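Here is a colleague's note to read with the coordinates open.

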Amino acid sequence: MRLDQMLRARFRGCLREPFSLAFIVLAVIISVAVAVLAQEKRETGLVVAVINEDGGDYAQRLIDRLHAYDSFTVRELSYDQAMQALRQDRLEAAVVIRPNFSERLAKGDFENTLELLTSPSAQAPATISEPIVSSVMVLWMEALAAVTTRDYLAEHGLNYTEADAQAQREDIARLWESGSTINVERIEADGGDAEETADGPIETCVRWYAVLGLFNLVVGASWVLDISKQTLRIRMRQMGVRQWQVVLINSLVPLLLSLAGYFVAGLACAGLTGVAPLKVLVYLPALLLYLFGLLGVTLLTAALLKNILSLMFIAPVLTFLNGVLSGLILTLPAWAYVLKWLSQALPGRWLSQALSNPLSALPGALICGLAWMSAGIVVSALRSKRCRKL
Amino acid sequence: MRFLRFDFKRLFSGKALVLLCLLSPILVVFIFTSVVSPMIYSAKGLHFNLAICDEDGSEAVSTFITQMLNSQALLSLVDAYPVKSTEDGLALISSGDVSVFVHVPKGLFEKMRSEQAVQVEIISTKAHALEANLTSMALTSALEIVGKSQNVMEAARQMLLEKGVSETDADRYLSDATNTAIKRYMTRREALGDGGPVSPVGEFLPVEYYISAIFVLFAALSMLPLIHFTAADSSGAILRRGLLCGIGTGRFFAARIISGGVFVFLVLTMLFPTALLLKLGDAMLGGTYANNIGALALALVLTALCFSALALALAVWLPNESVALWAGFFLVLGMAAFCGALVPEGALPAWTAAIGRWLPLRASMRLLSLSLFRYDGALFVRDVLKLLGFSALLLPLGYLGLWRRGRGV
């Protein structure tokens, strides 16, 4: 039997198994979605929601003032919408303008007129709140000036009419226009782009696809169990096919399917986020070595566990451990020296490094991949030998 | 009883699988609590270095800079380093020693007094856009409040003069009003009442939420061996032989539900030491955990019963072993996604959360969280009733399916 016939037969077999193919589709969808969401968050910058429960003049003026800041984007939302967005980490903070805001401010009070809710991952809630509080204070000072002027004039037997209050407000506005203006200009210096590379949309997509790739390979590793079956071995012998050929062909099929999934995910991500599609090719060598290492892991795991049931159980565990310990979806904390050192044995660690510097990680990835593949082949061969003896 | 013993032996025959079922949740919980949990749904503790070059050098500007750097907006956020020249600041930026460089130009104060436009520059690289944004936010708001409040008070003084108040009295008023404003301004953060972070995991800490989620997820995964054995038995020799020997559908059903329940229960039992450790640690630290071991035991029994019934129902109604196994696997993954075991319920889109409400995994997760960390009788009873409802639906469904298979034999 020719190898290309075997390959075609194996491909057909894979395509007939919708269950395991579904994981590649899911991996593509999830990785693209995570990358697009991350890109969206990066582009919108800091977003602050305003919930106007007051509806008065001062509340509207506060919202207008907040819109004038270019350091964050203001969105007017309902309370429920804002809470949902905060929980989904799509907002930095939400400001609730309480119902008595305008009334209290007009009387010269500002205490407890707002409520600031922040996202659990807000990086600088105190800093975010400062422009909001300052804007309230500017409005409050206007109101306070009107109140104290009125009281002062009343004490001295003079009138302070609504027309006077209006004239005073116009005077403040005129002084604001004609007075000194202090501008804060932001200048972007050159350099520092390297740090950003590892966090771009394609990189995020590659990270997630790589993590979910292990799940797909382990769950769909029934072929490793099949090649040890007595009946299959007899048929293989009759057809003159050697065991290494079966292993090679069977490994090649999930590898090619995973690569196809990578191209679909990468190109979709590039198309949706406007990144150059060529970037998909930049990470191809590293991903190839990563998948090669994962095949070794799969071969080893399947040879040790012996049944599909155990593979189903171990797949989420291995996916979680690989994602976390290799640094693909989380950076290991600074104190975890031992884990960081141990993570060098994981293919994902080298892929993660390759996303920052594609060439420097390749030797490590190659050694790691070869080590896992050798371990997988040795254990698999030993197991086959044991099965033959039985 | 003999059949039940046989069923136990059969279910626990794969030692590797049993060990995997029992140890996996512990390993995952250990890695999660030590590595993952401190990194999710918590502030990243942003802190950066900032260089300032004050070319103006006037006392007023120096005071303003000191006050701004010591304000709540920046105090915990930055470490500030004064530099002598723009070149020094730019060198620090390009070397990466500081994230942001603030340049205050010469003659800033004098220009302000003569009502000319002035410009302060914030310089950073693209990689530190967030830090530059935060600095700009703090600086802009601080400068605005200085400029605007001066204008407001000046306008009030102008009004008094227009009303015929003498210049001396107007100046005294201005001074008094400014002092009052400054005093009140110092307490400006009182504008913010209650508030704080909104967590997607509700009243629980992420680590509390995910301990329950991980154990329930593994309990659900432990349905797979039950599905596998039940699907194989009910379509083959075991059921046939059992029926011929007088072991009716009822006995087969009862034995499988009990042995399956025990299997799932065993996976969940490692929560008991977790609960005891939490209680012990909490008592030592004087914390406020309100766990209830009795409630936890009930939650585990109900979860085990419900998942055992679900596994049996799936195995007997789906056509063959392979389909039942894969369907069970996808169901577990689907339940994990929709019920908030992967992404917390609060962060899920409304439609997924609505679907999750009709699946038993969420009720189990809530029962475990409540009994381990924040026991609340009313909420606990509600979820107990939900799980009982699911069991009441799944048990007859499983029995009917088995009876149907038995008739076919």
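1. A word on pairing comes before the sheet itself: two strands are taken to pair if DSSP finds at least two bridges between them. The model is a predicted one, and in it five strands form an open sheet in the order 2(A)-1(A)-3(A)-4(A)-5(B), with mixed pairing. The edge positions are held by strand 2 (73–76) of chain A and strand 5 (196–197) of chain B, each of which pairs on one side only.

2. How is the sheet joined between strand 4 of chain A and strand 5 of chain B? These two strands run parallel and are linked by two bridges, and in this pairing A:T118 is found opposite B:P197 of strand 5 of chain B.

3. Strand 3 (residues 93–97) of chain A deserves a careful look, since five of its five residues are buried. On one side the buried residues are A:A93, A:V95 and A:I97, and on the other they are A:A94 and A:V96, which leaves both faces of strand 3 of chain A covered.

4. The bridges of strand 3 of chain A can be followed on either pairing. With strand 1 (residues 47–52) of chain A the pairing is parallel and extends over five bridges, and A:V48 has A:A93 of strand 3 of chain A as its bridge partner. With strand 4 (residues 114–118) of chain A there are five bridges, and those two strands run antiparallel; here A:A94 stands opposite A:L117 of strand 4 of chain A.

5. A:D89, which is not a glycine, has a positive phi of about 65°, and its place is in the loop between helix 4 (79–87) and strand 3 of chain A. A:N112 is likewise a residue other than glycine with a positive phi, in this case near 50°, and it belongs to the loop between helix 5 (101–106) and strand 4 of chain A. The relative accessible area of A:N112 is 40%, so this residue is partly exposed.

6. Among the helices of chain A, helix 17 (residues 347–356) is mostly covered, with seven of its ten residues buried. Those buried residues are A:P347, A:G348, A:W350, A:L351, A:S352, A:A354 and A:L355. As background for reading such a list, an α-helix has 3.6 residues a turn, so residues three or four places apart point the same way.

7. When its neighbours within four places in sequence are left aside, A:Q39 is in contact with A:P201 and A:T273.

8. In chain B, strand 3 (residues 100–104) and strand 4 (residues 118–125) can be read together. Four bridges join strand 3 of chain B to strand 4 of chain B, the two running antiparallel, and B:H103 stands opposite B:E121 of strand 4 of chain B. Six of the eight residues of strand 4 of chain B are buried, so this strand is largely enclosed by the rest of the structure.

9. B:V100 belongs to strand 3 of chain B, and at 0% relative accessibility it counts as buried. Not counting residues up to four places away in sequence, B:V100 touches several residues, including B:F48, B:L50, B:I93, B:I122, B:E131 and B:T135. Its C-alpha atom is separated by 9.5 Å from that of B:A80, a residue 20 places away along the chain.

10. Taken as a whole, chain A has 18 helices and five strands. Its radius of gyration is 31 Å, well over the 21 Å that the globule rule gives for 390 residues, so chain A is more spread out than a compact globule. Along its principal axes the C-alpha trace spans about 115 × 40 × 40 Å.

11. Some further totals for chain A complete the note. Of its 390 residues, 52% count as buried, and its accessible surface comes to about 17,600 Å², with 61% belonging to carbon and sulfur atoms. Among contacts between residues at least 6 apart in sequence, 74% join residues at least 24 apart. The mean position of the 34 positive charges of chain A and that of the 35 negative charges are 30 Å apart.

Terms used:
Residues numbered from 1 in each chain as written. Chains lettered and ligands numbered in written order. Predicted model: local features only at pLDDT ≥ 70, side-chain atom pairs only at ≥ 80, totals over all residues. Heavy atoms only, no water. Rg over C-alpha atoms; globule rule 2.2 N^0.38 Å. Buried < 20%, exposed > 50% of the residue type's maximum accessible area, 1.4 Å probe, protein only. Contact = heavy atoms within 4.5 Å. Areas by Shrake-Rupley, 256 points an atom, 1.4 Å probe, with all protein chains shown as cover. Lys, Arg positive; Asp, Glu negative; His and termini not counted. Charge placed at Lys NZ, Arg CZ, Asp CG, Glu CD.
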